[in-house]
Amino acid sequence: MESQSSSGALKRQIEAQRLQLLSTSTKSIPAFYRNVEEALDSRRATHSLFSILQNNWQTSLAIDFCSNDYLSWNTTGLIRKAFLDELGANPGFSVAAGGSRVMEGNYAYIEETEQEIATWHGAQAGLIVNSAFDANVMVWSALPRPGDVIVYDNLVHASTHEGMERSLAIQKTAFEHNDVKAFRMTLSTILESSPMIKQGRRSILVAVESVYSMEGDVCPLLELVEIAEELSGGLGNIQFVVDETHSAGLFGPDGAGLVCELGLEDEVAVRLHTYSKAMGACGGIILGNATIKAALINFARPSIYSASPSFPFVAAIRAGHNMLGRPQAREGQGKIQQLARTFFESLTSHPLWEQARDRGILDVPLASNWEERPFLTHIVPVWTRQNYLYWLLFHCLAASFFVLPVKHPVVPIGQSRLRVTFHAANTVAQVAGLVEQLFIWVQEVLDIEQGHSKHQATSAAREVYAWMAKEGLTGFGLV
Ligand SMILES: Cc1ncc(COP(=O)(O)O)c(C=O)c1O
């Protein structure tokens with residue numbers, strides 16, 4: 001437990017769950033604050049209050065299996081150098097954009113960068129925005145026209161939901177995650193019930209992600225596009241929006257994304273890329289044609305009512321983009337594949353693997369048929385029974401392997417999991433070490449379940465519980 005107590009991360013997270021109970025105990029506090037605290041207490045009561053105390057992955061104690069710095073350009077400093085070089089090449093830059101994009105906040109550098117990135121991705125135009133979250137809100141609030149219908153994979157990101165809520169679409173329908181048959185059925189039903197769409201006077205807009213952030217699986221995009229083409233009969237009334245947030249920098253030629261990998265640049269109307277994950281920078285870009293860009297500038301409210309992304313911000317994006325295709329980027333992309341292979345090989349060849357999976361003690365859905373996948377993702381969810389999840393987390397942390405617990409509201413109640421992410425700077429030995437620790441933990445659980453242990457909790461969990469008892473804190477669980 002040395003690593004946890006010295007970083008204090010776990011301790012602070014647990015302390016944050018202490019109920020405030022201001023809503024009932026302190027009448028002198030204004031109702032406004034008491035009511036807000038009451039809402040926070042409902043999170044604390046299930047030990048699911050988020051705190052912003054932790055920043056584990058950049059400490060020397062942590063082995064980063066949790067951050068979005070997939071290519072490790074932050075940990076290695078590569079992006080910092082590229083960013084400073086970009087600033088140095090433009091010494092007269094202005095820090096402020098001076099206004100929103102449509103109100104004096106436009107400037108040559110942002111336009112050049114957008115065009116350069118768009119052309120590289122085989123798109124006609126690009127619009128740089130403050131984040132991929134903003135990008136989704138802008139796309140979904142601005143592009144659907146009255147009478148259009150949105151069809152979305154039921155695991156799309158919160159930002160897509162945020163945008164869809166504000167959209168003018170008459171209907172939003174989810175289809176089962178990555179289920180090609182369900183997708184076909186959903187499209188057919190809508191086409192049958194909407195003559196305007198069937199005649200090609202209105203559209204279905206499809207929302208999917210190339211890699212799903214909490215599942216680590218890949219969208220069967222080619223099949224979905226083929227189905228849409230078949231059902232639309234050449235009318236172009238089914239259009240795709242692909243969120244490439246978790247494939248950007250990693251998938252496709254030099255990290256250009258899944259759409260480029262599949263050669264679907266002309267079939268997909270809109271693509272979203274972020275620079276805040278693999279590229280280790282910030283911000284996002286929306287790729288499409290000139291019509292899409294004009295619509296976003298005119299109908300997406302941040303284009304009008306929020307300051308344009310500033311020069312330093314765009315310089316970080318350009319620095320990240322310019323790194324793609326360089327040897328360090330290619331090495332990193334290859335390294336992640338090697339690490340993922342190591343993980344699956346060590347996991348599935350372990351003598352306890354099948355028993356652990358059959359008993360529901362450890363499961364990694366992506367491990368099934370992993371050898372058949374031409375490209376492995378850097379995101380791997382690790383499942384155990386819900387009541388064991390924190391035991392497994394404590395065990396990993398105690399070994400200095402920082403993995404991410406993902407819980408409600410990010411995933412539905414009852415579907416909490418650990419998320420492991422691989423990074424270019426991780427080593428094969430670290431990945432093998434992580435798998436070894438997973439099975440040391442599995443053995444402990446088996447011993448407890450089969451009555452071979454005198455304990456009722458695993459060793460790391462016992463240490464945490466002992467400390468919590470000393471501090472007067474109650475149980476730490478998951479919803
Ligand atoms: C699928 C998806 N889209 C969009 C976003 C938002 O990305 P950004 O950090 O650029 O706002 C995320 C964040 O993790 C995501 O997972």
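Trainee: Glu-449: buried or exposed, or in between?
Mentor: Glu-449 is partly exposed, at 26% relative accessibility. Buried means under 20% relative accessible area, exposed means over 50%, and partly exposed is in between, with a 1.4 Å probe and protein chains only.

Trainee: What kind of model is this, and how are residues numbered?
Mentor: It is a predicted model, where local features need pLDDT of at least 70, side-chain atom pairs count only at pLDDT 80 or more, and totals for chains, interfaces and linings use all residues. Numbering runs from 1 along each chain as its sequence is written, and side-chain values use heavy atoms, with hydrogens and water left out.

Trainee: Back to Glu-449. Which side chain does it meet in a salt bridge?
Mentor: That of Arg-385, at 2.7 Å from N to O. A salt bridge here is a side-chain nitrogen of Lys or Arg within 4 Å of a carboxyl oxygen of Asp or Glu.

Trainee: Where do Arg-385 and Glu-449 sit in the chain?
Mentor: Arg-385 is in the loop between strand S9 (379–382) and helix H18 (389–398), while Glu-449 belongs to helix H19 (residues 428–449). They are 64 residues apart, and the pair links distant parts of the chain. Helices (H or I, at least four residues) and strands (E, at least two) are DSSP runs, numbered from the N terminus.

Trainee: And Arg-385, how exposed is that?
Mentor: Partly, with a relative accessible area of 30%.

Trainee: New topic. How many salt bridges are there by this rule?
Mentor: The count is 13. One of them joins Lys-81 and Asp-85, at 3.0 Å from N to O.

Trainee: How far apart are Lys-81 and Asp-85 in helix H5?
Mentor: Four residues, so about one helical turn separates them in helix H5 (residues 78–88). Lys-81 is exposed, with a relative accessible area of 52%. Asp-85 is partly exposed, at 44%.

Trainee: Why would two such side chains pair at all?
Mentor: Opposite charges can pair when the charged atoms come close.

Trainee: What does Glu-86 pair with?
Mentor: Its side chain meets that of Arg-318 in a salt bridge, at 4.0 Å from N to O. Glu-86 is in helix H5 and Arg-318 in helix H15 (residues 311–323), so this bridge ties together parts that are 232 residues apart in sequence.

Trainee: Are Glu-86 and Arg-318 buried or exposed?
Mentor: Both are buried.
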